[in-house]
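Let's walk through this model together, one question at a time. Have the sequence and the coordinates open as we go.

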Amino acid sequence: AGRAWWSLLTEVLEGRPNADVSLPHLLEFCRAHDIVVMNAVQKPLDPKIASKFPEADPVRTLGFSKAAGPTSFKKLKRNSSVQEALGSLRKRLSHPSVAHLPIYPLGNDAEWFVTQALGKDEASARIAGKLPHPSAWWRKGGLFGRIARSKLEENFKKP
């Protein structure tokens, strides 16, 4: 998902896709385009990751996951592990260097975390639009991918 996101964002902003996700490239890209990109949660939320990387199982690493059921972050929203993730996001979103910036959550889960972290009023004031998450871009014959491209072009392309 990360490579797909960066590839499309670089295509929109630079005219050609680039799926390089190395830290030096991402830092330079963000500086060049005056943007900030941050993960709502700093570790994978999808338990499917454990099939390839068992050590990254979100229930083990975070104490919750995005899967429906008893370990869902929404069901555990009052749990200390979810509250810790929300506190981390709140702190990062409230940092003076970014506190004035609009937010474009990448998918429903990110929007939920931003809203919970900032509270409904501040989230509504700062969320400028939501983009479909890259893991959904293939759905409905690629409709969500086309929506993502359109919204990126509308919101991020420099005149």
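Buried means under 20% relative accessible area, exposed means over 50%, and partly exposed lies in between (1.4 Å probe, protein chains only). This is a predicted model, in which local features need pLDDT of at least 70 and side-chain atom pairs count only at pLDDT 80 or more, while totals for chains, interfaces and linings use all residues. Residues are numbered from 1 along each chain as its sequence is written, and side-chain values use heavy atoms, with hydrogens and water left out.

Q: Is Thr 10 buried or exposed?
A: Let's start by placing the residue: Thr 10 belongs to helix H1, where helices (H or I, at least four residues) and strands (E, at least two) are DSSP runs numbered from the N terminus. Contact means heavy atoms within 4.5 Å. Not counting residues up to four places away in sequence, Thr 10 touches Gly 15, Arg 16, Pro 17, Asn 18, His 25 and Phe 29. Its relative accessible area is 0%, so Thr 10 is buried.

Q: Which residues does Ser 7 touch, not counting residues up to four places away in sequence?
A: Ser 7 is also a residue of helix H1. With a relative accessible area of 18%, Ser 7 is buried. Beyond the sequence neighbours left out of the count, which are those up to four places away, the residues touched by Ser 7 are Pro 17, Asn 18 and Ala 19.

Q: How do H1 and H7 lie relative to each other?
A: Two packed helices are described by the angle between their axes and the distance between the axes. Axes are lines fitted to C-alpha atoms, for helices over the stretch in contact, and angles run from 0 to 180 degrees between N-to-C directions; under 35 degrees counts as roughly parallel, over 145 as roughly antiparallel, 65 to 115 as roughly perpendicular and the rest as oblique. Helix H1 (residues 2-14) packs with helix H7 (residues 139-156) at an angle of about 45°, the axes being 10 Å apart. That makes the arrangement of H1 to H7 oblique.

Q: How many nonpolar, polar and charged residues are in the contact of H1 with H7?
A: On the H1 side are Trp 5, Leu 8, Leu 9, Glu 11, Val 12 and Leu 13, which meet Ala 148, Arg 149, Leu 152, Glu 153 and Phe 156 in H7. Ala, Val, Leu, Ile, Met, Phe, Trp, Tyr, Cys and Pro count as nonpolar, Asp, Glu, Lys and Arg as charged, and the others, Gly among them, as polar. The contact of H1 with H7 therefore divides into eight nonpolar, no polar and three charged residues.

Q: What is the handedness of the crossing of H1 and H2?
A: The axes of H1 and helix H2 (residues 23-33) come within 12 Å and cross at roughly 35°. Trp 6, Leu 9, Thr 10, Leu 13 and Glu 14 of H1 make the contact with His 25, Leu 26, Phe 29, Cys 30 and His 33 of H2. A crossing is left-handed if the near helix is turned anticlockwise from the far one by less than a right angle, and right-handed if clockwise. H1 passes H2 in a crossing that is left-handed.

Q: Which residues are linked with Glu 11 in a network of salt bridges?
A: A salt bridge is a side-chain nitrogen of Lys or Arg within 4 Å of a carboxyl oxygen of Asp or Glu. The side chains of Glu 153 and Arg 149 meet in one (4.0 Å, N to O), and both residues lie in helix H7, four residues apart, about one turn of the helix. Glu 153 is partly exposed at 35% relative accessible area, and Arg 149 is partly exposed at 31%. The residues linked with Glu 11 in the network are Arg 149 and Glu 153.

Q: What is the N to O distance in the salt bridge of Glu 122 and Arg 126?
A: Glu 122 and Arg 126 are four residues apart in helix H6 (residues 120-126), so about one helical turn separates them. Glu 122 is partly exposed, at a relative accessible area of 34%, whereas Arg 126 is buried, at 8%. Their side chains meet in a salt bridge with an N to O distance of 3.6 Å.
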